Amino acid sequence: MTGHNHYPWCTCGWCVGGGNRNGGGANAAPVTKPLRPVYSEYEKHQATQTLKGYGATSYSRCFVNPNASCPVCGQPVYFYANEHGSRVFFDELGKPWAKHPCTDNGRPASGSVRARPSRRPVAEIKDILSAEQKIDQRILPVGRKTRRDSWKLAVVVEVHFADFGMEVHVEDLSSQNHQKYRFFIYCDQPLLVEGDLVSRRRETFSFLHPQSLEDTTVVNGDRLVDFEALEKDIDPSIIPGDVSEILPSERRHFGSGSGGTAKVSGTLRSVLEDFAKKGIVGPKLVSHYLNETGRVTADGSPWTPRLAFFLIALSGVSQEKPVRQKKRTAGNKPQKARKPQPHARAKKRPRSSGTLSGNSVSQSAKNHKPRPEPAGRLSTDVDEWARMLSRLGRVSRKDDDG
């Protein structure tokens, strides 16, 4: 038997579904693929009667009750009508929205019509899913890959529409965990309301347009409105005077989601703050550098001075240039007080290490040019001349008396 909260085909090793019963290791038994449970003929018959009692004879009828009967053949069908008088019967809900052949001839449909198609109660869906697994001719897709690639039915549980944006939350009907998904599209009117049915395959959603009742297939972020036509009279280079001048269609550039109000992400606000520190302020400069650095709006469009003005206003980032200190020049540099210098002493002339005759003059003496001494007055004293000449050993004085 299986363990608590385990499926009959569980491969944990402790259940009848197979798996590693030896606890792992080199000698562990190979893991076998789970086998589909075998049901007796009695169980199959009971399951068939359960599905017949619920009228679950097709995919969509496992989750949604038919709300009408065909006026021609009397078969249970799904009926849709719009405000323009269009009336359509469907055999199946969801992609590709197959119309009932008896009334698919352009003539107005009539017949026994109840309310709009509504989902089955959760208890009924669980009984139908349990019974569907026991019959031979399966109704729902079999296999993980097939289920992943097939269209699944979901119901709209929440819708938010504002500023040309519609955010839709849907709940999966084809599984017991009722997983929820979300998608956002741009449109000029609410295309879905709570309780509508949507067909989903991975990230693609399909539903009936409320006016034309034609299949509308979208992915997250799709546009169903021509914004260029709505904003053709706006010059994107002209900077507005106030943030209140933003158009509802322009709010798509600053975010999307519940409430439709403009949102500025923290990352973009930090970019504006970094620009302001570098002196990049003003809508024109900001829009230029946003585009140069590869940044686009939330809508994926390039920035314009008009949009940059709204971005700055919504972010609240100051547009004042930072105060920079002026470079000091020679004229305005403060003069430093000079230290008092000691009196310079007169340099002594280098003394000659030898006589001035011959080649005994040193190299430093050759390079040094003595300053010319000022000419002194010639002495007129004869005795002084005699003493000077006597030092040369050439002249001697004789007294007049000798």
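Me: Why does D299 count as buried in this predicted model?

Reply: The relative accessibility of D299 is 14%. Buried means under 20%, so D299 counts as buried. The model is a predicted one.

Me: What makes the pair of R223 and D299 a salt bridge?

Reply: The closest N and O atoms of R223 and D299 are 2.0 Å apart. A salt bridge requires a side-chain nitrogen of Lys or Arg within 4 Å of a carboxyl oxygen of Asp or Glu, and R223 with D299 therefore forms one.

Me: Why is this pair of R223 and D299 said to tie together parts apart in sequence?

Reply: R223 lies in the loop between β11 (215-219) and α4 (227-230), whereas D299 lies in the loop between α6 and α7. The parts joined by the pair are therefore 76 residues apart in sequence.

Me: Why is R223 called partly exposed?

Reply: R223 has a relative accessible area of 33%. Buried is under 20% and exposed is over 50%, with partly exposed in between, so R223 is partly exposed.

Me: What is known of the pair of D299 and R252?

Reply: The side chains of D299 and R252 meet in a salt bridge, at 3.2 Å from N to O. R252 lies in the loop between α4 and α5 (266-277) and D299 in the loop between α6 and α7, so this pair ties together parts 47 residues apart in sequence. Both D299 and R252 are buried. R223, E228, E231, R252 and D299 are linked in a network of salt bridges.

Me: How do you know that K44 and E41 form a salt bridge, and where do they lie?

Reply: The closest N and O atoms of K44 and E41 are 3.8 Å apart, and the cut-off is within 4 Å. Both residues lie in helix α1 (residues 41-54), 3 residues apart, which is about one turn of the helix. K44 is buried, because its relative accessible area is 18%, while E41, at 58%, is exposed. The structure holds 16 salt bridges.

Me: Why is α6 called roughly perpendicular to α7?

Reply: The axes of helix α6 (residues 283-292) and helix α7 (residues 305-315) cross at roughly 100° and come within 8 Å. Angles of 65 to 115 degrees count as roughly perpendicular, so α6 is roughly perpendicular to α7.

Me: Which residues make the contact of α6 with α7?

Reply: P283, K284, V286, S287 and L290 in α6 meet P305, A308, F309, L311 and I312 in α7. By class, this contact has 8 nonpolar, 1 polar and 1 charged residues.

Conventions. Residues numbered from 1 in each chain as written. Predicted model: local features only at pLDDT ≥ 70, side-chain atom pairs only at ≥ 80, totals over all residues. Heavy atoms only, no water. Axes fitted to C-alpha atoms, helices over the stretch in contact; angles between N-to-C directions. Helix = DSSP H or I, 4+ residues; strand = E, 2+ residues; numbered from the N terminus. Parallel < 35°, antiparallel > 145°, perpendicular 65-115°, else oblique. Contact = heavy atoms within 4.5 Å. Nonpolar A, V, L, I, M, F, W, Y, C, P; charged D, E, K, R; others polar. Buried < 20%, exposed > 50% of the residue type's maximum accessible area, 1.4 Å probe, protein only.
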